[in-house]
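Look over the sequence and the model below. A short report follows.

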Amino acid sequence: MQNQREIEKGFVKQIQKHQGILHKICFIYSNSNADKEDLYQEIVLQLWKSYPLFRNEAKFSTWMYRVALNTAITLNKKAALFENHKTQLRDEYSIAEDIDYSEDIKILYKAISKLSKIEKAVIMLWLEEKAYSEIAEIIGISEKYVSVKLVRSKKKLAKLIKMIS
């Protein structure tokens with residue numbers, strides 16, 4: 001049996017190792033820097049609460065994606081109930097000024113921000129070069145549905161990119 005200190009160290013090590021996943025999800029599912037920070041903290045909290053349930057049946061990163069995406073989607077649903085102007089904010093989507101992204105990346109992220117929650121997740125995981133089976137496991141849908149959703153999302157994304165650029 002591991003003691004609590006060893007468990008905490010292992011958790012922190014995994015979070016540090018895979019923090020890029022969290023930053024990408026926060027960037028895709030948040031509109032402002034403050035929202036990104038809040039979402040990051042909420043995801044880490046949910047990961048910590050769920051950590052005792054992690055049984056190493058999947059890779060840590062796969063499990064982390066699942067918890068993080070579910071947290072982001074759930075928080076977005078709650079926020080939508082209280083914020084009717086969410087769509088306006090998305091239309092004015094701004095990228096963090098302290099990060100110097102190329103214009104193409106800015107356009108891509110702005111287009112991704114206009115996708116539905118499930119489309120964002122599928123596209124983000126596909127851009128991370130995850131296999132359909134892993135995307136299906138993370139999101140909780142079938143591989144066939146991943147394939148269908150990906151084709152439709154890529155077409156929609158291409159149209160959005162043309163409109164934005």
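N56 sits in the loop between α3 (33-50) and α4 (60-82). Helices here are DSSP runs of H or I with at least four residues, strands are runs of E with at least two, and both are numbered from the N terminus. This is a predicted model: local features need pLDDT of at least 70, side-chain atom pairs count only at pLDDT 80 or more, and totals for chains, interfaces and linings use all residues. Residues are numbered from 1 along each chain as its sequence is written, and side-chain values use heavy atoms, with hydrogens and water left out.

Another loop, between α7 (117-127) and α8, holds E129. The table sets out the two loop residues.

| Residue | Phi | Relative accessible area |
|---|---|---|
| N56 | positive, about 60 degrees | 60%, exposed |
| E129 | positive, about 65 degrees | 72%, exposed |

Exposed means over 50% relative accessible area, buried under 20%, and partly exposed in between (1.4 Å probe, protein chains only).

Helix α8 covers residues 132-139. Its buried residues are E134, I135, A136, I138 and I139. G140 follows α8 and has a positive phi, near 90 degrees.

The largest nonpolar core has 41 residues. Such a core is a set of buried Ala, Val, Leu, Ile, Met, Phe, Trp, Tyr and Cys residues joined through side-chain atoms within 4.5 Å. I25, Y29, L47 and L69 touch the most other members. α4 gives the most to this core, with 9 residues.

Which residues is L69 in contact with, leaving aside its neighbours within four places in sequence? They are I25, Y29, A121, M124, L125, I138 and I139. Contact means heavy atoms within 4.5 Å.
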